[in-house]
Amino acid sequence: MRAVIQRVKHASCTVDNKITGQIQKGFMILLGVEEADTIEDLKWLGQKFINLRVFEDEQGLMNKSILDIDGSILLISQFTLFAQTKKGNRPSFIRAAKPDKAKPMYEEMATLLSQLLQKEIQLGIFGADMKIELLNDGPVTIIMDTKDKDNF
């Protein structure tokens, strides 16, 4: 799994002119699933999201987690995170999981995050043409990949 985590002041997802999910302070997470991903990858990444200390404490240092600030999460499926651009100018998405694997993993991540955060997770619509709006706070943007855990 690959994820882009953005610390936001607010974020929303709109599909067909209807807001499907919106949050105030917290994380907007783009999540890509690849064929080789396992439930263990999902659990590892979910724990990282919840415990990532990138919110400011009273001294202005990034010492607080999303749990500490009672933040929210907007989770968006994003197969293009697995774009391969080595050859030519048209990206290949061959590493991205097919919808029959990716959608259940995305839904399982939403369930896990909801349990860990103890609140409802806001979502986009899997496979839809989504319009995302956000105000990146910092900006703080972090990339994680379960196939490269030693560097994250």
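Colleague: How many aromatic pairs does the structure hold?

Modeller: In this predicted model, where rings of Phe, Tyr and Trp pair if their centres lie within 6.5 Å, the number of aromatic pairs is three.

Colleague: Of which kind is the pair of Phe27 and Phe55, stacked, edge-to-face or tilted?

Modeller: A pair of aromatic rings is described by the distance of the centres and the angle of the planes. For Phe27 and Phe55 the centres are 5.1 Å apart and the planes stand at 40 degrees. Planes under 30 degrees apart would count as stacked and planes over 60 as edge-to-face, so the pair of Phe27 and Phe55 is tilted.

Colleague: How many residues apart are Phe27 and Phe55, and in which strands do they lie?

Modeller: Both Phe27 and Phe55 are buried, and their pair links distant parts of the chain. Phe27 belongs to strand 3 (residues 26–32) and Phe55 to strand 4 (residues 55–56), which puts them 28 residues apart.

Colleague: Which element gives the most residues to the largest nonpolar core?

Modeller: This core has 29 residues, of which Phe27, Phe49, Ile73, Leu75 and Met109 touch the most other members. Two or more residues come from each of strand 1, strand 3, helix 1 (39–51), strand 6, helix 2 and strand 8 (131–145). The element that gives the most, with eight residues, is helix 2.

Colleague: How are the buried residues of helix 1 placed around its axis?

Modeller: The buried residues of helix 1 are Asp41, Leu42, Leu45, Gly46, Phe49 and Ile50, and what covers them includes strand 1, strand 3, strand 6, helix 2 and strand 8. An α-helix has 3.6 residues a turn, so residues three or four places apart point the same way. Seen down the axis of helix 1, the buried residues fall within an arc of 160 degrees, and they therefore line one face of the helix.

Colleague: Is Arg7 buried or exposed, and which backbone oxygen does its side chain reach?

Modeller: Arg7 lies in strand 1 (residues 2–15), and because its relative accessibility is 5%, under the 20% cut-off, Arg7 counts as buried. Leaving aside residues up to four places away in sequence, Arg7 touches a set of residues that includes Phe27, Phe55, Glu56 and Asp137. At 2.5 Å, its side chain reaches the backbone oxygen of Val54.

Colleague: Is Ser12 buried or exposed?

Modeller: Ser12 is also found in strand 1, and, not counting residues up to four places away in sequence, it touches Gly21, Gln22, Leu74, Lys131, Ile132 and Glu133. Because its relative accessible area is 14%, and the cut-off is 20%, Ser12 is buried.

Colleague: What separates the C-alpha atoms of Ile69 and Gly26?

Modeller: Ile69 is found in the loop between strand 5 (62–64) and strand 6, and at 21% relative accessibility it counts as partly exposed. Beyond residues up to four places away in sequence, Ile69 touches Lys25, Phe55 and Lys64. Ile69 and Gly26 are 43 residues apart along the chain, and their C-alpha atoms are separated by 8.3 Å.

How values were computed
Residues numbered from 1 in each chain as written. Predicted model: local features only at pLDDT ≥ 70, side-chain atom pairs only at ≥ 80, totals over all residues. Heavy atoms only, no water. Helix = DSSP H or I, 4+ residues; strand = E, 2+ residues; numbered from the N terminus. Buried < 20%, exposed > 50% of the residue type's maximum accessible area, 1.4 Å probe, protein only. Polar contact = N/O pair within 3.5 Å; in protein donor to acceptor, adjacent residues only side chain to side chain. Contact = heavy atoms within 4.5 Å. Phe/Tyr/Trp six-rings, centres within 6.5 Å; stacked < 30°, edge-to-face > 60°. Core = buried A, V, L, I, M, F, W, Y, C linked by side-chain atoms within 4.5 Å. Arc of directions from axis to C-beta.
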